[in-house]
Amino acid sequence: MTISHDSFAQAARQQAASLGYRNLPIVVVQQAKSLDTPETIAERAERALPEILGLLATRTAAKPAQ
């Protein structure tokens with residue numbers, strides 16, 4: 001599992017696939033903007049947390065495709 005900002009999500013998927021990790025779970029979070037408050041950024045992290053914890057709890061280590 002990896003975490004990516006939304007602006008890099010496609011690149012993250014392409015890089016994972018090129019390394020043989022086509023099914024690598026990628027949690028996508030919105031990239032912070034200059035006017036975002038710390039509270040807004042924290043809210044985004046909190047929204048992503050259940051998905052991250054779920055993946056950590058249920059997934060085994062990723063192995064590249066043969």
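Predicted model: local features only at pLDDT ≥ 70, side-chain atom pairs only at ≥ 80, totals over all residues.
Modeller: Start with one term. A helix here is a DSSP run of H or I with at least four residues, a strand is a run of E with at least two, and both are numbered from the N terminus.

Biologist: How many helices and strands does the chain have?

Modeller: The chain has 2 helices and 2 strands. Read along the sequence, they come in the pattern β-α-β-α.

Biologist: What percentage of the residues is buried?

Modeller: A residue is called buried when its relative accessible area is under 20%. Of the 66 residues in the chain, 20% are buried.

Biologist: Which residues make up the largest nonpolar core?

Modeller: Such a core is a set of buried nonpolar residues, joined through side-chain atoms within 4.5 Å. Here the largest one has 5 residues: V27, V29, A48, I52 and L55. Two elements give two or more residues to this core, β2 (26-29) and α2 (38-58). The most comes from α2, with 3 residues.

Biologist: How far apart are L55 and V27, in sequence and in space?

Modeller: They are 28 residues apart in sequence. In space, the distance from C-alpha to C-alpha is 9.3 Å. Now widen the view to the chain. Among contacts between residues at least 6 apart in sequence, 58% join residues at least 24 apart.

Biologist: And the strand side of the core? What does V29 touch?

Modeller: V29 touches I3, S4, H5, D6 and A48, again not counting residues up to four places away in sequence. One of these, I3, lies in strand β1 (residues 2-5).

Biologist: Is I3 buried, exposed or partly exposed?

Modeller: The middle class runs between the 20% and 50% limits. I3 has 46% relative accessibility, so it counts as partly exposed.

Biologist: Now the surface. Which residues make the nonpolar patch?

Modeller: A patch takes residues with over 30% relative accessible area. Here M1, I3, L49, L53 and L56 make a nonpolar patch of about 460 Å². The largest share of this patch, 3 residues, comes from α2.

Biologist: On to charges. How many salt bridges does the structure hold?

Modeller: Side chains of opposite charge can pair when their charged atoms come close. This structure holds 1 salt bridge.

Biologist: Which residue forms the salt bridge with R44?

Modeller: D36 forms that salt bridge. The closest N and O atoms are 2.6 Å apart. The cut-off is 4 Å, so the pair qualifies. The two side chains also make a polar contact, at 2.6 Å.

Biologist: Where is R44, and is it buried or exposed?

Modeller: R44 is in helix α2. Its relative accessible area is 12%, so R44 counts as buried.

Biologist: What surrounds R44?

Modeller: Skip residues up to four places away in sequence, and R44 touches Q30, Q31, A32 and D36.

Key. Residues numbered from 1 in each chain as written. Heavy atoms only, no water. Buried < 20%, exposed > 50% of the residue type's maximum accessible area, 1.4 Å probe, protein only. Contact = heavy atoms within 4.5 Å. Polar contact = N/O pair within 3.5 Å; in protein donor to acceptor, adjacent residues only side chain to side chain. Patch = residues over 30% accessible without salt bridge, like charges linked within 9 Å, V, L, I, M, F, W, Y side chains within 5 Å. Areas by Shrake-Rupley, 256 points an atom, 1.4 Å probe, with all protein chains shown as cover. Salt bridge = Lys/Arg side-chain N within 4 Å of Asp/Glu carboxyl O.
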